[in-house]
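Have a look at the structure first, then read on.

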Amino acid sequence: MTERLFEGADWDFHTLQRITDACEEVALKDLGLDVYPNQIEVITAEQMLDAYSSVGMPLFYKHWSFGKHFAFHEASYRKGLMGLAYEIVINSSPCISYLMEENTATMQTLVIAHAAFGHNHFFKNNYLFKQWTDADGILDYLDFAKNYVMQCEERYGRVEVERTLDAAHALMSHGIDRYPGKKKLDLRAEEKRAGRRRQHEEEVFNDLWRTVPAGKSKSRSALSVERRRKLLGLPQENLLYFLEKSAPRLAPWQRELLRIVRHIAQYFYPQSQTKVMNEGTATYVHYRIMTKLHQQGRITDGNFLEFLGSHTNVVFQPEFDDPRFSGFNPYALGFAMMQDIERIVTNPEAEDREWFPDIAGKNDVMGVLRDVWANYRDESFIGQFLSPKLMRHLRMFHLHDDPEERAGIRVDAIHDERGFRRVRRELARQHDVGYIDANIEVVDVDLSGDRRLILHHHVIKGSQLNETDAKRVLQHLADLWTYDVALIEVDANDKVLREYVVSPRPIPAAVA
Amino acid sequence: MPIHIIDRRLNPGGKSLENRQRFLRRAKSLVQGAVKKTSQERDIKDVLEGGEVTIPLDGMHEPRFRREGGTRDMVLPGNKKFIEGDYLQRSGQGSAKDSGPGEGDSEDAFRFVLSRDEFVDLFLDDLELPDLAKRKIAQTESEGIQRAGYTTSGSPANISVSRTVKLALARRIALKRPRKDEIEELEAAIAACTDEDEREVLLARLEKLQAKTKRIPFIDPLDIRYRRYEKVPRPVAQAVMFCLMDVSGSMSEHMKDLAKRFYMLLYVFLKRRYKHVEIVFIRHTDRAEEVDEQTFFYGPASGGTLVSSALQAMHEIVRERFNPSDWNIYAAQASDGDNSYSDGELTGMLLTDKILPVCQFFAYLEVGESGGSAFDLSDSSLWTLYERLRNGGAPLSMRKVSERSEIFPVFHDLFQRRETAQEKAAP
């Protein structure tokens, strides 16, 4: 019989090493995963709280809002309202996993299998992460960002920097490129470029240029609206990008700050699009690894039962009328779908052959799954692979709530032959970030007139912006733009539903 | 593939401290308001504890574009009896409604925990203390170093020779290391020996002894002991703080609040200086009684005003429970200044003869209504009396206070006295 990895609940660093080696053997040989090098760090509860408040990253620039989140988490943790995660994993190379010191040896095995191999494989192979994130550069970039923000605070004052960051944070969810451009983000090069640009500016600085009389400005009216919009790259849905490139009165360092916030938002964008898949992958991987370790006799029956207890808690899906229900649990849905795919590949029924002719009965479970993990995001994954059997099993149904409808909320489709496709389409749409976020874009700037910035919110299904918040965000936007900003909510027929106009606040005199 | 396992637990903590301070700075006025409210509700002894405060989230809000309303579609698990085309009553479907994407911002009020230092800082800020004073208050108690036995590790400078030699001796005896005179004796015997065979035997014995001497060192690293030192808080004396207050009808809530703040501050000062601080509350109308804090500040009372009764009570308590040679006695009296005319002389006598000689510090705080200018016009009877005593050389600290920010200057005298007291105590 193979040697046990550990006995009981205690572990030390040799145990962790053995566990990691054992998991790695299963992950690479049996599952054929392809992972970044792993770095495993053991941390305390306080350090976990620290990590929470800086969106899980090991280093981040300083900002009061992180302090607020820290105070909030700390208070609820101390009162016992909130438990802490067993681990946090960072999409970087090497892939860093933080493990809590309180975990038992079984839990450490579980989270190593889950994070260091499951998430890690997903980060390295999924097309969204490949396209949008630079795992090699992110830690260096965050380091650069931290130092840059610090330098700005020294040079331009904390208040100024804070105001710019506040505004940038408010627009963060609209600082994302949703479609790939021509070139991949290379954060290291970005960092170098920013340095070079500053250096160049300092080298060629000559105060005389300021005194040279400018020639007669070109007649702006000659530029047609069409051409103007083209020059500004309009319409533009990445508001932070637009401000960084086109806001008339921002200082270079402010543009750089907007750029930093934008890059960080972009870095996290794939994660919000792949919650179900990411957790599903990691959960499936840890389940396979733990089962294998148990089969090999490397963990005891008792430890395996402990694992099953936690695993069952993680993949628990309350039903809609359960007081604990708060939407679909991404772990549960993801894991159920992965297992369902395994079933379809190895042991399909006639229905599966009809719905999934490509994979049914193919018998290469890992091959199919690896391909799925690499090439889909939540929306397309659910749209393609949610099977009728799983819909029946979870007893899914679709509700349509139209406030105009007097009779109440209509049950639009249920888990039957007529409803499968509609339920699936609707669930997939619920996981489409592009559909969930408000669709706001810059459509025009009145350059020849009062330089008013005009944005449109394309209202879908009558869902308009929350007024208080919208005004506050627009205030931030106007402060950066430094001229009036108008936001017009239009429905699909271009009918104007509501219009906001916000003027920038005067900048208070710099505090010495 | 190399795997790095790193123990981060020993990294310095408080990584979020800076962010937390920024947050507190930004929310300063709100947090300060909360602290002020909390400290009003607290007992004097609890003023130094940190604690949970709740602030409104206004200004701390992080806005985002959020959508709400409109028609909504959702897919839910756990269908039991619905079929396509059913209608569900809205009111009855609470759970389905709550789970919609509209749920966002429920943190209107924000609760979090302030540490002890943060709380005291904000509390003192509220009193508008000058920076110098704040530093003095914030000073933590110094720790002394004291010998505490021996240890097997330490710096060479701390080797305890006598203990090391003692242990080495014990070990040598226990292991039967041959002594020097034993060997010398044997050598002498060999030199004196004439018989070849016996000489051979003796030589063998000598060799054995010498080998044993080599095996068992004179001083082994095992024997070495270092002096161990331990940090101990400096022994500090105990103090008792007498709070005297006039609770007759003329004292308003505002006045009592001023007095309470003054007592709190005095308590903070004393607590920083003495390990053990007792508080005695004596309230008086025309007679005095020792009461608990609740009654002191909030208990109803009525009657005339005889200050001497309180002084007399204090004097008796001191005599019974607080021997001035064991206790540092601090007293703070708050009053609106009224006193019966007939009582003046007795009060003065008690104060100069009985109270002041045993007190480290006696502060008199005359509290007035907020913005009350009338009370500047003429001095009250008590004020006149105390002023006369002070001019006569009595160590009294006295102030008129009608706003919170005026409380602190009373403590100037206290600081001066502390400096000299420390110098005296130093040798």
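Axes are lines fitted to C-alpha atoms, for helices over the stretch in contact, and angles run from 0 to 180 degrees between N-to-C directions. Helices (H or I, at least four residues) and strands (E, at least two) are DSSP runs, numbered from the N terminus.

## Ground rules

This is a predicted model, where local features need pLDDT of at least 70 and side-chain atom pairs count only at pLDDT 80 or more, while totals for chains, interfaces and linings use all residues. Residues are numbered from 1 along each chain as its sequence is written, and chains are lettered from A and ligands numbered from 1 in the order in which they are written.

## Two helices in chain B

Take helix H12 (residues 344–355) of chain B and helix H14 (residues 381–391) of chain B: their axes come within 11 Å and cross at roughly 40°. H12(B) and H14(B) are therefore oblique to each other (under 35 degrees counts as roughly parallel, over 145 as roughly antiparallel, 65 to 115 as roughly perpendicular, and the rest as oblique).

On the H12(B) side, the contact uses Gly344(B), Thr347(B), Gly348(B), Leu351(B) and Thr352(B), and they meet Ser381(B), Leu385(B) and Leu389(B) in H14(B). Contact here means C-beta atoms, placed from the backbone, within 7 Å. The residues of this contact split into 3 nonpolar, 5 polar and no charged (Ala, Val, Leu, Ile, Met, Phe, Trp, Tyr, Cys and Pro count as nonpolar, Asp, Glu, Lys and Arg as charged, the others, Gly among them, as polar).

## Where the chains meet

The contact takes 80 residues from chain A and 58 residues from chain B. On the chain A side, helix H3 (residues 64–78) of chain A gives the largest share, 11 residues.

Strands cross the boundary too. Strand S1 (residues 38–43) of chain A pairs with strand S1 (residues 4–7) of chain B in the parallel sense over 4 bridges (pairing takes at least two DSSP bridges), and Glu41(A) has Ile6(B) as its bridge partner. Strand S5 (residues 409–414) of chain A runs antiparallel to strand S5 (residues 87–88) of chain B, with 2 bridges, and Ile409(A) stands opposite Leu88(B).

Over residues 92–107 of chain B the pLDDT is below 50. Where pLDDT is low, the predicted coordinates should not be read in detail. For the complex, the predictor gives an ipTM of 0.78 and a pTM of 0.70.

Conventions
Two residues are in contact if their C-beta atoms, placed from the backbone, lie within 7 Å. pLDDT is the predictor's confidence in each residue, from 0 to 100.
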